[in-house]
Amino acid sequence: VLYGEVFGPGVQAYQYGQTALSFRAFDLLIGDRFAGYDAFQEICGRYGVVVAPEIYRGPFSLAAIRKVSESAWPPMS
């Protein structure tokens with residue numbers, strides 16, 4: 001099961017600079033297990049599926065989430 005999001009004009013308030021509908025994958029369930037991130041990227045690349053950009057990789061912490069969520073990325077227009 002490939003998880004992702006459709007975005008762009010007419011879908012939500014933020015268009016992320018897109019002028020047409022777009023899709024980004026963010027997770028992949030194979031059987032009863034989620035693929036590791038590197039395997040997920042490799043599989044998506046093999047099939048030409050664009051993945052959501054990685055904005056953080058590391059141990060879970062509220063401080064890390066707060067820092068990422070307060071950053072200017074991704075830029076919103």
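Arg46 pairs with Glu42 in a salt bridge, with 2.6 Å between the closest N and O atoms. (A salt bridge here is a side-chain nitrogen of Lys or Arg within 4 Å of a carboxyl oxygen of Asp or Glu.) Both residues sit in helix H1, 4 residues apart, which is about one turn of the helix. Arg46 is exposed at 51% relative accessible area, while Glu42 is partly exposed at 43%. (Buried means under 20% relative accessible area, exposed over 50%, and partly exposed in between, using a 1.4 Å probe and protein chains only.)

Before going on, a word on the model. It is a predicted one, where local features need pLDDT of at least 70 and side-chain atom pairs count only at pLDDT 80 or more, while totals for chains, interfaces and linings use all residues. Residues are numbered from 1 along each chain as its sequence is written, and side-chain values use heavy atoms, leaving out hydrogens and water.

A search of the whole structure turns up 3 salt bridges. Here they are:

| Pair | N to O distance |
|---|---|
| Arg46 and Glu42 | 2.6 Å |
| Arg57 and Asp38 | 3.1 Å |
| Glu54 and Arg57 | 3.2 Å |

Asp38, Glu54 and Arg57 are linked in a network. Arg57 lies in the loop between H1 and helix H2 (62–70), and Asp38 is in helix H1, 19 residues away, so this pair links distant parts of the chain. Arg57 is partly exposed at 48%, and Glu54 is partly exposed too, at 40%.

Now for the overall layout. The protein has 2 helices and 3 strands, running β-β-β-α-α from the N terminus. (These are DSSP runs numbered from the N terminus: helices are H or I with at least four residues, strands are E with at least two.)

The 3 strands make an open, antiparallel sheet in the order E1-E2-E3. (Two strands pair if DSSP finds at least two bridges between them.) E1 (2–7) and E3 (33–34) each have a single partner strand, so one side of each has no neighbour in the sheet. E2 (residues 22–30) is joined to E3 by 2 bridges, and Leu29 stands opposite Phe34 in E3.

What about the surface? Leu2, Val6, Val11, Leu21 and Phe23 make a nonpolar patch of about 420 Å². (Patch residues have over 30% relative accessible area and no salt bridge; like charges are joined within 9 Å, and nonpolar side chains (Val, Leu, Ile, Met, Phe, Trp, Tyr) within 5 Å.) One of them, Leu21, is in the loop between E1 and E2 and is exposed at 59%.

How values were computed. Accessible areas come from the Shrake-Rupley method with a 1.4 Å probe; for residues, only the protein chains shown count as cover.
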